[in-house]
Amino acid sequence: MSWEEMYTCSATCPCGKGKITQTSYGDDWNRYIDGPVVIECEECAKKYKVEEVTHHGLLSSDGSWSTYYLTPKDYPDYDGPKESDLYPAALNQYQDFPVWLIENFTEEELRGVLAQLNNTTSSAKLKGIAAGIREAHRKAKKTVRVGEITKTVEAALGKYLSHVGNKIQRDEIRKKESDARDAYIKEKRKHQTVIDLQR
């Protein structure tokens, strides 16, 4: 089944001499896709690039949609604080469970989990954060035995202070990065032009 051109939307480019276009396609299964937004103007293509920002609805059923911007090609990239510049990539529970605990929970939270584990013989009785860790342990380690979860939490606590990139450290840089990126985007929007494509 091939994709067929359904329609093309367009907008006048900034210099007023050319167009910016986007063609949409459909197939026999009633699926639709949008092609790239293209600057069909030699003069403006030298000055601008197209950037897409995808928005998602509150619910998955709300779907997603895009806003397209013309951005000056010489506009600088974001160069503020980044988590990736300070810490290694965060690991998931399948890669290294103790490290995953360190990177996702504070030392105080893990000590609270350990206290629960030391006061029960059944992981089914665990509550709150401990219950969440039990479920993650079930998926990653295929066991919810109190003894096994206890060993894992103790291993995390044993190297918590020496681990570079624990939850508190990552939360601090994530907040700085988020604030800096918000400020960068706010300023960048002043130099961009929304592409208003019309059929």
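Modeller: The largest nonpolar core comprises 19 residues, and those with the most contacts inside it are L101, L110, L117, I133 and V153. A nonpolar core is here a set of buried Ala, Val, Leu, Ile, Met, Phe, Trp, Tyr and Cys residues joined through side-chain atoms within 4.5 Å; buried means under 20% relative accessible area, exposed over 50%, and partly exposed in between (1.4 Å probe, protein chains only). The model is predicted: local features need pLDDT of at least 70 and side-chain atom pairs count only at pLDDT 80 or more, whereas totals for chains, interfaces and linings use all residues. Residues are numbered from 1 along each chain as its sequence is written, and side-chain values use heavy atoms, with hydrogens and water left out.

Helices are DSSP runs (H or I, at least four residues) numbered from the N terminus. The buried residues of α6 are V146, I149, T150, T152, V153, A156 and L157. These residues cover an arc of only 165° around the axis, taken from the directions to the C-beta atoms, which puts them on the same side of α6. The face turned away from that buried side carries the exposed K151 and G158.

The buried residues of α6 pack against α3 (97-104), α4 (107-117) and α5 (129-141), contact meaning heavy atoms within 4.5 Å. Leaving aside residues up to four places away in sequence, L101 touches L110, I133, T152, V153 and A156.

Conventions. Helices (H or I, at least four residues) and strands (E, at least two) are DSSP runs, numbered from the N terminus.
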